[in-house]
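Please find below a briefing on the structure shown here.

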Amino acid sequence: MKVLRNILSVIEVISFMNFKNFSSYTLLILLFGVQFMACKSNEPKIEEIPNGVNFLMAELYQYPNSEPIPAFGFYTNDNTKCGNNLIYQSIHNTEDYIEIEIIGYNKPSSCYGDPAPATSVVPLFLTNGEYNFKITYESEVDDYTLVVTDSTLQLTQDEAYIFSSPKNTLYWRYPEKSFALLAGTSTSADSLYNMVFDSLETKFNFTEFTFPDSGLTPYPDSLTGFGINHPTRFFKYENAQDAFNAGIFIQDFGRNAIANRDENRFVLFEWKNNIFSTNDF
């Protein structure tokens, strides 16, 4: 994942969140950013990918206030000369069969960014079930089984990988009617943390939950860049209006109770991509 840090600057929309690690959400947004820059190029020249690709199972959003959909983010094992090189692929699918044919990566007429892997994102509108899932490149074929449920995406393979390498084989999907609350405070204002969570407990009827230790989770682990980067906490709600009101509470708390919002921040990230921050004006 470290190679993707070089392209963080292309997506300003997530800069305020300062994610601790590249979560699935962050990686896919970054890959979309590179695709945007690559699309500004003229007719692409397709280059070979000699040393294979890595890929990540996750979910992404098409727009605000929308349900997430399964997606695969690909990036080459090798750096390419530009930060806006895009992997080209063709997708073939039926009711229980998915094939992603990797064709190569483009060589744009205009080069942006530092050397980085070529990337792509493949959104897949999948119903629950078991899929024969293939990744192919020229004569090389990697066979997987992909199982989609309401709560997980799970990938298995019996044979050794030839061209592709999964970075995760289990992904926990965004639970319906859930949100994450991320918090970063200064060491001298740690009391703000208790104020926020005590107020949420008093004002609303949310149920706190945790994800299993195995697999990749959808929400970020924490914020970074603060004196104390508190672990993210997760909640489920019954009424959508309560979740919205909790978001408004976070915004009001930033305006009324936080004197230094550069050193103290709370972000409510709801499962339908509704985000509220104490830094919202």
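**Briefing**

Arg-233 counts as partly exposed because its relative accessibility is 24%; buried means under 20% relative accessible area, exposed over 50%, and partly exposed in between, with a 1.4 Å probe and protein chains only. This is a predicted model, in which local features need pLDDT of at least 70 and side-chain atom pairs count only at pLDDT 80 or more, while totals for chains, interfaces and linings use all residues. Residues are numbered from 1 along each chain as its sequence is written, and side-chain values use heavy atoms, with hydrogens and water left out.

- The whole structure contains 4 salt bridges, each defined as a side-chain nitrogen of Lys or Arg within 4 Å of a carboxyl oxygen of Asp or Glu.
- In one of them, Arg-233 meets Glu-208 with an N to O distance of 2.8 Å.
- This pair links distant parts of the chain, with Arg-233 in strand E14 (residues 228-236) and Glu-208 in strand E13 (residues 207-209), 25 residues apart.
- Strands (E, at least two residues) are DSSP runs, numbered from the N terminus.
- Glu-208 is partly exposed, with a relative accessible area of 40%.
- Another salt bridge joins the side chains of Asp-143 and Lys-134, at 2.2 Å from N to O.
- Asp-143 is partly exposed at 35% relative accessibility, whereas Lys-134 is buried at 18% relative accessible area.

**Strand E2**

- Strand E2 (residues 53-60) is largely enclosed by the rest of the structure, because 8 of its 8 residues are buried.
- Val-53, Phe-55, Met-57 and Glu-59 point one way from E2, while Asn-54, Leu-56, Ala-58 and Leu-60 point the other way.
- E2 pairs with strand E3 (residues 69-80) in the antiparallel sense over 8 bridges; two strands pair if DSSP finds at least two bridges between them.
- Strand E10 (residues 164-166) runs parallel to E2 and is joined to E2 by 3 bridges.
- Asn-54 stands opposite Tyr-75 in E3, and the bridge partner of Asn-54 in E10 is Ser-165.
- Phe-55 stands opposite Pro-166 in E10.

**The sheet around E2**

- The order E6-E3-E2-E10 describes an open sheet of 4 strands with mixed pairing.
- Strand E6 (116-123) and E10 stand at the edges with a single partner strand each, so one side of each has no neighbour in the sheet.
- On average, neighbouring strands of this sheet are turned by 30 degrees against each other, direction ignored.

**Glu-59 and Arg-173**

- Glu-59 forms a salt bridge with Arg-173, with the closest N and O atoms 3.0 Å apart.
- Glu-59 lies in strand E2 and Arg-173 in the loop between strand E11 (170-172) and strand E12 (178-185), so the pair ties together parts that are 114 residues apart in sequence.
- Glu-59 and Arg-173 are both buried.

**The largest pocket**

- The largest pocket holds about 390 Å³ of space, the volume being the space filled by probe spheres set on the grid points, which are joined across faces, edges and corners.
- This pocket is lined by 21 residues, and the closest to its centre are Asp-150, Ser-151, Arg-173, Tyr-174 and Glu-176.
- A pocket is an open set of points on a 1 Å grid over the protein atoms alone where a 1.4 Å probe fits, with protein on both sides within 12 Å along at least five of seven lines; lining residues have an atom within 4 Å of a point.
- The lining of the largest pocket has 11 nonpolar, 4 polar and 6 charged residues; Ala, Val, Leu, Ile, Met, Phe, Trp, Tyr, Cys and Pro count as nonpolar, Asp, Glu, Lys and Arg as charged, and the others, Gly among them, as polar.

Conventions
Axes fitted to C-alpha atoms, helices over the stretch in contact; angles between N-to-C directions.
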